[in-house]
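Here is a short report on one protein model. Look at the structure first, then read on.

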Amino acid sequence: MDKYIVKGKANIKGTVSVNGAKNAGLPILAATLLAEGEYEITNIPNLTDIRTMAKLLKNIGAEIEWGDGKIKIKTNGCENHEAPYDLVKTMRASIYVLGPLVARKGEARVSFPGGCALGARPIDLHLKGLRKLGANIELKHGYIYATANRLKGTGIYFEKKSVGATANILMASVLAEGETKIQNAACEPEIAALAEFLVRMGADIKGIGTETLIIKGKEKLHSANTSLIPDRIETGTLLLSAAITRGSITVEDCNPDHLGIVLDKLEEAGFQISTTENSISLNSKGPKHPIEITTNPYPGFPTDLQPQFCSLLSTIEGDSSILETIFSDRFIYTTELQRLGANLKLNENELIIKGGAKLSGAPVMASDIRAGASLVVASLYAEGKTEISRIYHLDRGHDKLEEKLQKLGVDIKRIK
Ligand code: EPU
């Protein structure tokens with residue numbers, strides 16, 4: 001298993017560009033199952049999760065061809081309607097094939113995703129939505145068996161905002177008969193990107209980017225091409241990497257509009273931010289201040305950036321806090337950050353960060369993608385050497401993170 005060795009007290013200065021968004025790529029790849037034909041997706045990051053989704057499509061019968069930063073997919077045939085346990089257990093987003101398969105093929109058999117490092121993570125909203133569209137769903141032998149003749153458009157109100165359930169139901173409803181109205185839909189940019197892609201495939205969707213999506217089902221869609229939107233979580237992670245070293249950075253090929261509250265919080269903490277249409281610059285001049293963060297569905301503060309922010313806030317004098325409202329076990333990473341010297345007090349879903357800690361390097365272990373990212377961010381500030389193991393978690397969501405940091409002046413090595 002690979003490890004990172006990071007020499008601390010880094011001083012980041014430079015320019016870096018971000019990769020395409022993993023969480024836009026995953027549903028978009030699954031959406032290619034909705035119509036036969038040839039697809040080309042560009043700005044595709046080289047990530048384990050993206051490769052897992054490609055394997056899943058191949059297992060279903062799609063032909064896959066990788067190029068530099070792009071993937072070509074041919075979805076003629078696709079007669080094996082199964083997402084097996086071995087693939088689903090490595091990536092929960094495998095559930096994204098459920099909606100498209102049942103909508104186009106009238107049948108899907110998807111391994112039931114279990115819990116994960118972030119907590120229980122149920123899929124009840126996905127299943128309730130599909131049942132409402134007319135699918136018959138049975139759970140047996142650890143698998144979800146879904147069957148349907150043609151799905152029928154209906155009204156779906158999500159009791160809770162869910163990125164995954166919105167994506168799955170949206171993908172199913174574009175082939176349903178009649179109109180579907182999804183209320184309390186997730187508004188994440190990745191959902192808007194999926195919806196735009198479906199429109200390119202011939203779908204009729206109104207309200208993209210809002211909480212109410214109105215879909216007029218089509219009998220058939222066609223293949224299309226697209227380029228993935230920039231990864232806002234990677235963008236944030238790179239900004240926080242520079243911020244913790246009190247350095248300066250310009251992140252290029254990103255979308256500042258997708259990071260509104262994150263940039264506000266960096267400014268509130270005392271960093272200077274300037275943006276162009278597709279870049280964000282941060283510099284660290286001036287006094288720093290503790291801040292309060294509450295995670296929320298988009299456009300609220302993203303849960304996927306709170307661990308990295310925690311690392312930064314550990315280095316700023318005063319009490320900061322993070323209230324986590326999305327995932328019950330998101331704070332699992334804090335025990336490893338404490339090994340680096342962070343002074344953290346967890347009270348149910350609220351973390352109090354006693355800032356101004358003198359972090360020092362130690363062997364630590366990543367428990368999920370963003371937990372791993374928070375350890376990398378903290379290691380840049382720590383005195384001495386930090387050894388981060390289980391970085392296969394980071395490889396699920398960060399394309400060549402070490403190369404990007406090396407270019408910015410960081411002494412970071414991957415050890416096989
Ligand atoms: N939820 C339910 N029932 C459901 C679905 C979700 O109760 O049927 C709950 C979840 O337990 C959670 C909340 O609703 O409390 C929100 O979960 P959501 O469905 O929005 O999350 P997800 O689709 O499983 C995606 C991202 C996550 C990101 C979350 C929140 C992908 C592939 N994953 O997960 O990304 O943290 O939205 O923004 O898009 C990551 O990239 O590291 C990652 C974990």
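Where does the ligand lie relative to domain 1 and domain 2? Both domain 1 (3-19 + 230-415) and domain 2 (22-227) give residues to the shell around the ligand, so it lies between them. The domain bounds come from an automatic or database domain assignment.

## About the model

This is a predicted model, in which local features need pLDDT of at least 70 and side-chain atom pairs count only at pLDDT 80 or more, while totals for chains, interfaces and linings use all residues. Residues are numbered from 1 along each chain as its sequence is written, and side-chain values use heavy atoms, with hydrogens and water left out.

## Around the ligand

There are 24 residues around the ligand. A residue counts as near if one of its heavy atoms lies within 4 Å. Asp124, Ser162, Val163, Asp304 and Ile326 come nearest. By class, the shell has 11 nonpolar, five polar and eight charged residues. Here Ala, Val, Leu, Ile, Met, Phe, Trp, Tyr, Cys and Pro count as nonpolar, Asp, Glu, Lys and Arg as charged, and the others, Gly among them, as polar.

Now the polar contacts, which are pairs of N or O atoms within 3.5 Å. A polar side-chain atom of Ser162 sits 2.6 Å from a ligand oxygen atom. For Lys160, a polar side-chain atom is 3.4 Å from a ligand oxygen atom. Ile326 uses a polar backbone atom, 2.5 Å from an oxygen atom of the ligand. The protein covers 87% of the 820 Å² of accessible area that the ligand has on its own (Shrake-Rupley method, 1.4 Å probe).

## Strand β13 and its partners

Strands are DSSP runs of E with at least two residues. Two strands pair if DSSP finds at least two bridges between them. Strand β13 (residues 213-216) pairs antiparallel with β11 (residues 179-183) over four bridges. There, Lys181 stands opposite Ile214. Strand β13 also pairs antiparallel with β12 (residues 204-206), over three bridges. Ile205 has Ile215 as its bridge partner.

Which side chains of β13 are buried? Leu213 and Ile215 point to one face and are buried (under 20% relative accessible area, 1.4 Å probe, protein chains only).

## A four-stranded sheet

An open sheet has the order β6-β7-β9-β8, with mixed pairing. At its edges stand β6 (82-83) and β8 (136-140), each with a single partner strand, so one side of each has no neighbour in the sheet. Strands β7 (residues 107-111) and β9 (residues 143-147) run antiparallel, joined by five bridges. Ser111 has Tyr143 in β9 as its bridge partner.

How values were computed
Buried means under 20% relative accessible area, exposed over 50%, partly exposed in between (1.4 Å probe, protein chains only). A polar contact is a pair of N or O atoms within 3.5 Å; within protein, one must be able to donate a hydrogen and the other to accept it, and residues adjacent in sequence count only if both atoms are side-chain atoms.
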